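Hi,

Here is the structure I promised to pass on. Have a look at it first, and then read on for what turned up when I went through it.

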Amino acid sequence: MKKFFFTAVLTAASFNTGAVSLTSEQQLGEVLYKDKNLSLNSNQSCESCHALKPSISATKSVNGLVPGFVDTVNVVNGTAVSVGSVQGESGTLNSPSVAYAAFSPKFRYDTPKGEYIGGQFWNGRAADLIQQAQEPFLNPVEMAMTDELSVIERLRGNSQYANQFKQLYNVNINDSRDVQRTYRSLAQAISAFETSEVFNKFNSKFDYSLAGATNLSAIEQQGFNLFKGKAKCAVCHKIDVTVDNNGTKRPPLFTYFGYENNGLPRNVNIPNNPIPDLGLGGRPDIALNSEIGKHKMKTLRNVELTPPYGHNGVFKTLEEVVHFYNTRDVLPRVTNNNSVGFGKTAWAAPEVTDNLNTTQMGNLRLNANEEKAVVTFLKTLTDDYPIWGKDASIPVGTPSPFNVKASLPSPSAMRPR
Ligand code: HEC
Ligand code: HEC
């Protein structure tokens, strides 16, 4: 473990996921996750939009040290959406981080809570990671393959895959009767990788402070208090430590994977200026007025590393996000997000006004110092604190204070029943 971190610091350029012990299924998943040959023009993999390598332009303190699992092009350029395998094609939504996505429960209507919970994508349309991983290959604005068979044919070009799929899933990738099972196994391997410690580290400064191994600074602590109190963030970005049936403590995920309409302004800089995304209520299988405009609440872990923010990437910085929660309903309105003053002294109208949350946001009455404290607190949620923290109590190589392996979602829970 120690050796790995040491190497990672010295050779950030050749950063790899090396040290974490992966099962053979997760190792296959890693190779598939990185395989560009599985896109139409052999130029794009999952990794292109959900990078495993640190971005060099993330904020100064963690520059080049910690991966954010997003599209580093967007991080560097501030663009909101990713380009696809086919030149000139791009999506209409911000590529989210894959970190901690494995914890999102299967999409469902939670009757006691009276709301939809979980799933993958901003609108939860994939029930779980296995369903999710089947989409990008065939999405015309992403990897753009024509059908499942065309993806499998690319797998067939690689003799290693034939053996591994046979061993792990007992499927023959060269047998046309096994196409569907092979395609599903491909997604299963990738989801197993996404459920590994590579994406779910629980080693942020916040985690060590929760475990009593280090202390938050005064301003970080002030930010945390506001987060739990006056700023109301923790109503949605939950901070509870949960304990499972085996007594394993699971540190907070900073979300319960619910859905809300925060009233984000339209981002007129997305190519072709698409119509506003209706989120959960825009899904043909849901289509309820009561769900229009709602998008999934994400974990805030590593959020420092993943600009721009929101489903349409309209916010460039965390400062802007917090200022928006604080002043959405107070500041004057300008035409759009390119107008003078936007993000500082003014906002543009919400792109979808149905179901706008006005209970926990819009006018929090935080002063400028309090906004700053909340932002400072959010930066304690960046993983790999032993590498970037320069904290004598948490030297390089210190493991997460939690039993990470035990708190990962069980892969079997994700398998079809
Ligand atoms: C061209 C960029 C691109 C590529 C390539 C891509 N994704 Fe994504 N990914 C996105 C975007 C954009 C979204 C959000 C789309 C939405 O919500 O409708 C997303 C969403 C996700 C999510 C959901 C996360 C969450 O919190 O809801 C996961 C998981 C994910 N992608 C994994 C993958 C995997 C696995 C692959 C490869 C098989 C992949 N992606 C390939 C851009 C990409
Ligand atoms: C009522 C629930 C709710 C509350 C309260 C709330 N959030 Fe959120 N948060 C969300 C949802 C939902 C999203 C995604 C919204 C979207 O993209 O349309 C989100 C997105 C974010 C994002 C962007 C994440 C990303 O990956 O793009 C940040 C940062 C954030 N919230 C921080 C905060 C902070 C800080 C507070 C307190 C000041 C707060 N939130 C309060 C529900 C909430």
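R154 sits in helix α6, which runs over residues 148-156. Bear in mind that this is a predicted model. R154 counts as partly exposed because it has 18 C-beta neighbours inside 10 Å, and a residue needs 20 or more to be called buried. Setting aside the neighbours within four places in sequence, R154 is in contact with N37 and L38. If you want a sense of scale, take R154 and H237: they are 83 residues apart in sequence, and their C-alpha atoms are 41 Å apart in space.

The mean pLDDT of the protein is 92, with 94% of the residues at 70 or more. Two stretches need care. Over residues 413-417 the pLDDT is below 50, and the model gives this stretch five contacts beyond near neighbours in sequence. Residues 1-18 also stay under 50, with 23 contacts beyond four places in sequence.

Now the overall picture. The protein has 15 helices and six strands. Its C-alpha trace spans about 65 × 50 × 45 Å along the principal axes. The radius of gyration is 21 Å, which agrees with the value near 22 Å that a compact globule of 417 residues would have. Of those 417 residues, 47% count as buried. Among contacts between residues at least 6 apart in sequence, 66% join residues at least 24 apart.

There are two ligands to look at. Around ligand 1 there are 26 residues, of which C46, C49, F121, W122 and P136 come nearest. Which helix gives the most to this shell? It is α3, with three residues. Both α3 (46-49) and α5 (129-132) supply at least two residues each. By class, the shell around ligand 1 divides into 14 nonpolar, nine polar and three charged residues.

Ligand 2 has 27 residues around it, and the nearest are C233, C236, H295, H311 and Q360. Helix α11 (residues 318-327) provides the largest share of that shell, four residues. The shell around ligand 2 has 16 nonpolar, eight polar and three charged residues.

Next, the inside. In soluble globular proteins, nonpolar side chains tend to be buried together. Here the largest nonpolar core has 72 residues, and I190, V374 and L378 have the most contacts inside it. Helix α8 (residues 179-194) contributes the largest share of this core, seven residues. Apart from that core lies another, of six residues, among them L93, F121, W122 and I270. As for V374, its contacts beyond four places in sequence are G223, L226, F227, A231 and V322.

Helix α2 (residues 24-33) is worth a look too. It is mostly covered, with seven of its ten residues buried. Those seven are E25, Q26, L28, G29, E30, L32 and Y33. What covers them includes α3, α7 (159-169) and α8.

Most residues other than glycine have a negative phi, and most peptide bonds are trans. What is the omega of the peptide bond from P307 to P308? It is near -5°, which makes that bond cis. P308 is in the loop between β6 (295-296) and α11.

Two residues other than glycine have a positive phi:

- K232 has a phi near 65°. It lies in the loop between α10 (218-228) and β3 (242-243), and it counts as partly exposed because it has 16 C-beta neighbours inside 10 Å.
- R365 has a phi of about 60°. Its place is the loop between α11 and α12 (368-378), and it is exposed, since there are 10 other C-beta atoms within 10 Å.

Cheers

Key: Residues numbered from 1 in each chain as written. Chains lettered and ligands numbered in written order. Predicted model: local features only at pLDDT ≥ 70, side-chain atom pairs only at ≥ 80, totals over all residues. Near = placed C-beta within 6 Å. Nonpolar A, V, L, I, M, F, W, Y, C, P; charged D, E, K, R; others polar. pLDDT = per-residue confidence, 0-100. Contact = placed C-beta atoms within 7 Å. Rg over C-alpha atoms; globule rule 2.2 N^0.38 Å. Buried ≥ 20, exposed ≤ 12 C-beta atoms within 10 Å, placed from the backbone. Core = buried A, V, L, I, M, F, W, Y, C linked by C-beta atoms within 7 Å.
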